[in-house]
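The sequence and structure are shown first.

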Amino acid sequence: MDLKSNHTAPVLADPAPISKSRLVASSLFPYSSPAPVFSPNLLLTVPRKKTGILDDVRASSWLDAMKSSSPRQTSTRDYNHEIVSTDTDVAYRTWMVKYPSALSSFEQITNFAKGKRIALFLDYDGTLSPIVDNPDFAFMSIDMRAAVAKVAKYFPTAIISGRSRDKVYGFVGLTDLYYAGSHGMDIMGPVRESSDDPPNCIRSTDKQGKGVKLFQPASEFLPMIDEVFNSLVNSTKEIKGAKVENNKFCVSVHYRNVDEKVDTFLGIRNIYLLEVMLSGMSIFLAYFINFCAHSYICFQNWKTVAQCVHDVIRNYPRLRLSHGRKVLEVRPVINWDKGKALTFLLESLGLSNHDDVLPIYVGDDRTDEDAFKVLREGNLGYGILVSSAPKESNAFFSLRDPQEVMEFLKSLVNWKKTSVL
């Protein structure tokens with residue numbers, strides 16, 4: 001697996017619709033193709049030139065991508081604050097025919113897992129913790145931490161997050177796990193004496209003195225990322241609600257709170273209410289104009305956030321822009337993602353190229369699709385999408401929210417306990 005640059009898509013949009021699954025329930029992938037072997041001769045090659053980022057962004061309808069990746073927040077029950085109504089609930093149940101619940105399908109999963117070693121890979125935000133307004137407060141619950149700690153005692157477990165590795169470790173605080181931060185560009189994994197270390201890999205020890213290796217394929221980008229982070233902090237400081245986060249090998253610009261803090265909307269609303277009084281306009285039409293004005297202001301502010309990001313990174317052709325859930329992420333232009341991180345960790349754990357290994361990856365965001373795709377296309381294991389809204393995915397199963405993720409982890413522990421008795 002060579003690290004080759006990929007500069008054909010500086011802006012990542014929603015995953016393309018996937019074709020009908022080749023893997024039917026009656027013959028759940030008999031491991032017809034082996035896991036890809038991680039090459040010890042990784043070369044990092046990055047292009048020195050790239051076409052105009054802003055033109056590519058406009059051609060890709062980046063504002064539509066921002067809106068499609070950012071569900072509204074009016075929910076009551078939903079753990080991830082996505083809108084829940086009768087219509088969407090019906091659509092969700094229909095969608096679950098294609099992506100059935102991993103809880104209701106648990107017996108099917110464990111039947112296939114018999115005689116196999118499960119390796120568990122977990123996203124963090126939206127999977128182990130709820131999506132919150134302030135990313136600094138995305139704490140997992142005490143019960144969730146206990147569930148993760150227990151599952152890690154029975155299965156090799158890793159967390160692959162867009163956060164920096166140090167930050168996600170601070171949130172989780174468990175030593176029996178492996179951590180991959182910055183979308184897999186900063187991995188702490190176990191040392192295997194029998195394997196050669198790829199380039200950009202450093203052997204070290206963790207806080208318990210256990211031998212680990214740190215793999216950082218984008219290490220040369222650190223000064224550039226710091227420079228871009230400082231520029232983005234400066235350029236967005238006047239945008240109320242915007243927050244810039246340094247995740248070591250990538251920079252995240254959160255706009256979750258921008259559309260909720262538009263002070264000028266109050267003045268516009270008063271103007272329209274005054275027009276109602278002076279012109280005899282119907283109250284319904286007034287509220288409709290009000291709504292349109294509010295939406296326009298909101299999306300103009302989102303547009304302002306995106307424009308600030310584009311104006312900064314247009315000067316950095318070796319960086320690319322991707323969309324997450326109400327976040328714009330700036331990352332190095334290298335062919336490395338969560339799917340590559342998954343493969344690297346399987347190799348580091350000595351679990352690649354084995355028919356008796358069943359990897360399970362649980363995640364909620366579009367960046368997790370790279371890992372789902374590796375599992376699906378290689379007939380390796382199960383991807384489980386965490387979502388309360390229908391969306392196309394390379395996953396096999398679904399869970400609605402972090403609460404159901406916790407139930408799934410507990411079920412895995414109980415199954416393992418009873419299966420060894």
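Lysine 248 and aspartate 186 form a salt bridge, with their closest N and O atoms 3.8 Å apart; the term denotes a side-chain nitrogen of Lys or Arg within 4 Å of a carboxyl oxygen of Asp or Glu. Because lysine 248 lies in the loop between β8 (243-246) and β9 (251-254) and aspartate 186 in strand β5 (residues 186-190), the pair ties together parts that are 62 residues apart in sequence. Lysine 248 is partly exposed, with a relative accessible area of 25%, whereas aspartate 186 is buried at 1%. Buried means under 20% relative accessible area, exposed over 50%, and partly exposed in between (1.4 Å probe, protein chains only). Helices (H or I, at least four residues) and strands (E, at least two) are DSSP runs, numbered from the N terminus.

The model is predicted: local features need pLDDT of at least 70 and side-chain atom pairs count only at pLDDT 80 or more, while totals for chains, interfaces and linings use all residues. Residues are numbered from 1 along each chain as its sequence is written, and side-chain values use heavy atoms, with hydrogens and water left out.

The whole structure contains 17 salt bridges, including those tabulated here.

| Salt bridge | Closest N to O distance |
|---|---|
| Arginine 163 and aspartate 125 | 2.9 Å |
| Lysine 248 and aspartate 186 | 3.8 Å |

In the pair of lysine 338 and aspartate 368, the lysine belongs to helix α10 and the aspartate to the loop between β12 (357-363) and α11 (369-377), 30 residues apart. Both residues are buried, lysine 338 with a relative accessible area of 2%. Helix α10 spans residues 338-348. Beyond its neighbours within four places in sequence, lysine 338 has contacts (heavy atoms within 4.5 Å) that include Asp123, His183, Tyr361 and Asp370. The C-alpha atoms of lysine 338 and methionine 185 are separated by 8.4 Å, although the two are 153 residues apart along the chain.

Arginine 163 and aspartate 125 are likewise both buried. They also take part in a network of salt bridges that links Asp125, Arg163, Lys167 and Glu245.

As for the overall fold, the protein has twelve helices and 14 strands. Of its 421 residues, 52% count as buried. Among contacts with a separation of 6 or more, 69% come from residues 24 or more positions apart.
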